Amino acid sequence: FGAGQVLNNTWVGDITYLRTWEGWAYLATVIDLGSRRVVGFAVAGHMRSSLVEEAMEMAVLSRRPAAGLIFHSDRGSQYTSSAFRNLLERHWIRQSFSRPRQCWDNAVAESFFSALKKERIKRRIYPNRATAASDVFDYIEMFYNPIRRHGSAGDLSPVEFEKRYAQ
């Protein structure tokens with residue numbers, strides 16, 4: 001999977017951990033491969049399937065993709081759960097999984113988490129999950145999507161890439 005694809009053609013998702021004094025916060029994301037835009041995300045104190053369902057619902061509500069969109073993820077239990085698979089089916093989204101032991105299949109999601117942790121979180125431990133969620137929201141909506149440039153998107157931010165793509 002690579003950049004430069006048609007928007008709302010292929011999305012990728014994954015989960016990462018954020019440290020808080022309350023315990024782990026888990027961040028699930030959905031990223032459009034065409035522009036590298038984070039189109040859905042959710043933060044919670046658990047890794048149940050409802051975490052990835054919430055991120056996917058946000059993506060579907062904001063993008064309204066046509067039938068046949070491909071969603072790619074690892075083979076984690078959240079993504080293979082019947083609840084998540086039913087959600088995809090209701091929205092006519094086709095599911096794609098990484099091959100066993102092939103972590104680079106989901107490199108775009110991993111790259112986003114790496115950028116988030118290097119550029120924003122660094123070695124920070126948040127006081128609580130609400131603060132972590134707020135900071136992640138700020139990073140995604142105020143920096144990553146509208147400002148951060150991506151070589152794979154013609155050195156444009158995801159928002160700028162999508163504006164030009166629409167023209």
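Start with Arg-90, which is exposed, because its relative accessible area is 55%. This is a predicted model, so please hear every value as computed from predicted atoms. The side chain of Arg-90 meets that of Glu-57 in a salt bridge, at 4.0 Å from N to O. Arg-90 sits in helix 3, residues 82-90, and Glu-57 sits in helix 1, so this pair ties together parts that are 33 residues apart in sequence. Glu-57 counts as partly exposed, because its relative accessibility is 30%.

Which other helices are tied together by a salt bridge between Arg-120 and Asp-138? The side chains of these two meet at 2.3 Å, N to O. Arg-120 belongs to helix 4 and Asp-138 to helix 5, so the parts joined here are 18 residues apart in sequence. Asp-138 is partly exposed, with a relative accessible area of 32%.

Arg-164 and Glu-160 meet through their side chains in a salt bridge of 3.3 Å, N to O. They are four residues apart in helix 6, so about one helical turn separates them. Glu-160 is partly exposed, at 28% relative accessible area.

There is also a network of salt bridges, and it links Asp-32, Arg-37, Arg-63 and Glu-162. The count of salt bridges comes to 10.

Back to helix 1. It runs over residues 49-63, which is 15 residues, and reaches 21 Å from its first C-alpha to its last. That is close to the 21 Å expected at 1.5 Å a residue. Its buried residues are Ser-49, Leu-51, Val-52, Ala-55, Met-56, Ala-59, Val-60 and Arg-63. Why are they on the same side of helix 1? Because they cover an arc of only 165° around the axis.

What follows helix 1? The next residue is Arg-64, with a positive phi near 50°. Arg-64 has that positive phi although it is not a glycine. Its place is in the loop between helix 1 and strand 4, residues 70-73. Arg-64 is exposed, because its relative accessible area is 62%.

Lys-122 is another residue to look at for its backbone. Its phi is near 55°, again a positive value in a residue other than glycine. Lys-122 lies in the loop between helix 4, residues 107-121, and helix 5. With a relative accessible area of 58%, Lys-122 is exposed.

Pro-146 lies between helix 5, residues 129-144, and helix 6, residues 158-166. Pro-146 counts as partly exposed, because its relative accessibility is 33%.

The last item is on the surface. Tyr-17, Trp-24 and Met-47 form a nonpolar patch there, with about 280 Å² of accessible area together. Of these, Trp-24 is in the loop between strand 1, residues 10-18, and strand 2, residues 25-32. Trp-24 counts as partly exposed, because its relative accessibility is 37%.

That is what I have. Questions, please.

Key:
Residues numbered from 1 in each chain as written. Predicted model: local features only at pLDDT ≥ 70, side-chain atom pairs only at ≥ 80, totals over all residues. Heavy atoms only, no water. Helix = DSSP H or I, 4+ residues; strand = E, 2+ residues; numbered from the N terminus. Buried < 20%, exposed > 50% of the residue type's maximum accessible area, 1.4 Å probe, protein only. Patch = residues over 30% accessible without salt bridge, like charges linked within 9 Å, V, L, I, M, F, W, Y side chains within 5 Å. Areas by Shrake-Rupley, 256 points an atom, 1.4 Å probe, with all protein chains shown as cover. Expected span 1.5 Å × (residues − 1). Arc of directions from axis to C-beta.
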